[in-house]
Amino acid sequence: MKTKLITLEGYNKLRIEHDYLWKEQRPEVTKIVTWAAGLGDRSENADYQFNKRLLRQIDRRVRYLRKLLPELKIVYYAPEQEGKVFFGATVEIENDAGDIKTFKIVGPEEIYDERKDYISIDSPMARALLKKQVDDEAVVSTPQGDKTWYINKITYIKK
C-alpha cells in the first residue's frame with residue numbers, strides 16, 4: 001500500500017492539475033466532441049472518436065484526483081527534523097566508489113518520470129536513510145545485494 005504522505009509542493013501540483021483538467025481542458029474537449037457529433041456518422045469520425053476517448057481519460061483522472069486529494073496528509077517542515085533524514089529531506093549520499101547522488105524524499109504521488117531527483121518514501125533507499133544523520137552509513141538491500149551509502153548532506157525547504 002502506498003503511503004498517503006505528500007509535500008505541500010506536491011499537493012499544490014496535484015490540485016493545479018485537477019483544476020486545469022476540470023475547468024479548462026474538459027470544457028474544450030467537450031466542445032470538440034459536440035461539434036464532431038453534429039457532423040453525422042460517429043463510427044467513422046476520427047475527431048469524435050479521438051476526443052471522446054480523451055474525454056474519458058480526463059474524467060478518469062479527475063475522479064482519481066478527487067478521491068486522492070482528501071486522503072493525502074501534507075507533511076510540513078518541523079525544526080525537530082533538522083540534522084536527520086525524514087520525509088521532505090533533500091539528501092546527498094556517496095558510496096565507496098565515490099558515486100554521489102542527490103534526491104528528495106517525497107510521497108509516491110509526487111514521482112514523475114521527468115523528476116529523477118525524487119524518490120518515494122516507500123522505496124528501499126528512503127527506508128534505509130530514515131532517521132540517519134550526516135556521516136551515518138545506510139545499507140540498502142537491492143537485487144544485486146546490499147549496497148552501502150554514506151550521508152554527506154541533509155537539507156530541508158523551510159516553509
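**Contacts, cores and salt bridges in a predicted model**

G88 touches T7, K104, I105, T155 and Y156, residues up to four places away in sequence not being counted; contact here means heavy atoms within 4.5 Å. The model is a predicted one, in which local features need pLDDT of at least 70 and side-chain atom pairs count only at pLDDT 80 or more, while totals for chains, interfaces and linings use all residues. Residues are numbered from 1 along each chain as its sequence is written, and side-chain values use heavy atoms, with hydrogens and water left out.

G88 lies in the loop between strand 2 and strand 3. Helices (H or I, at least four residues) and strands (E, at least two) are DSSP runs numbered from the N terminus. With a relative accessible area of 13%, G88 is buried. Buried means under 20% relative accessible area, exposed means over 50%, and partly exposed lies in between (1.4 Å probe, protein chains only). A separation of 10 Å is found between the C-alpha atoms of G88 and I154, which are 66 residues apart along the chain.

The largest nonpolar core has 19 residues, and those with the most contacts inside it are V85, V91, I93, M125 and L129. A nonpolar core is a set of buried Ala, Val, Leu, Ile, Met, Phe, Trp, Tyr and Cys residues joined through side-chain atoms within 4.5 Å. Two or more residues of this core come from each of strand 3 (90–94), strand 4 (100–106), helix 3 (124–129), strand 6 (137–142) and strand 7 (145–155). Helix 3 gives the largest share, four residues. Leaving aside neighbours within four places in sequence, V85 is in contact with V91, I105, L129, L130, K131, K132, I151, I154 and Y156. A second, separate core has 17 residues, among them I6, L14, V33 and V62.

UniProt lists residues 5–74 in an unreviewed entry as "domain: Transcription elongation factor GreA/GreB N-terminal". UniProt positions are given in the numbering used here, feature names are shortened, and annotations may be inferred rather than shown by experiment. Over residues 5–74 the chain is 76% helix and 6% strand, and the end C-alpha atoms are 6 Å apart.

Helix 2 has 23 residues. From its first C-alpha to its last, helix 2 reaches 33 Å, close to the 33 Å expected at 1.5 Å a residue; the expected span is 1.5 Å times one less than the number of residues. The N-terminal end of helix 2 is capped by N45, with a side-chain oxygen 3.1 Å from the backbone nitrogen of D47. The buried residues of helix 2 are Y48, N51, L54, L55, I58, D59, V62, L65 and L68. These buried residues pack against helix 1.

Five salt bridges are found in a search of the whole structure. A salt bridge is a side-chain nitrogen of Lys or Arg within 4 Å of a carboxyl oxygen of Asp or Glu. One of them joins the side chains of E71 and K4, at 3.3 Å from N to O. E71 lies in the loop between helix 2 (46–68) and strand 2 (73–74) and K4 in the segment before strand 1 (5–6), so this pair ties together parts that are 67 residues apart in sequence. E71 is partly exposed at 41% relative accessibility, and K4 is partly exposed at 30%.

Another salt bridge is formed by E17 and R61, whose closest N and O atoms are 2.7 Å apart. Because E17 lies in helix 1 (residues 8–37) and R61 in helix 2, the pair ties together parts that are 44 residues apart in sequence. E17 counts as partly exposed at 24% relative accessibility, as does R61 at 28%.

R26 and D59 also meet through their side chains in a salt bridge (2.5 Å, N to O). This pair links distant parts of the chain, with R26 in helix 1 and D59 in helix 2, 33 residues apart. R26 is partly exposed, with a relative accessible area of 24%, whereas D59 is buried at 18%.

T3 is found in the segment before strand 1 and counts as buried at 19% relative accessibility. The side chains of T3 and D122 are joined by a polar contact of 2.3 Å. A polar contact is a pair of N or O atoms within 3.5 Å; within protein, one must be able to donate a hydrogen and the other to accept it, and residues adjacent in sequence count only if both atoms are side-chain atoms. Apart from neighbours within four places in sequence, T3 is in contact with P108, I121, D122 and R127.
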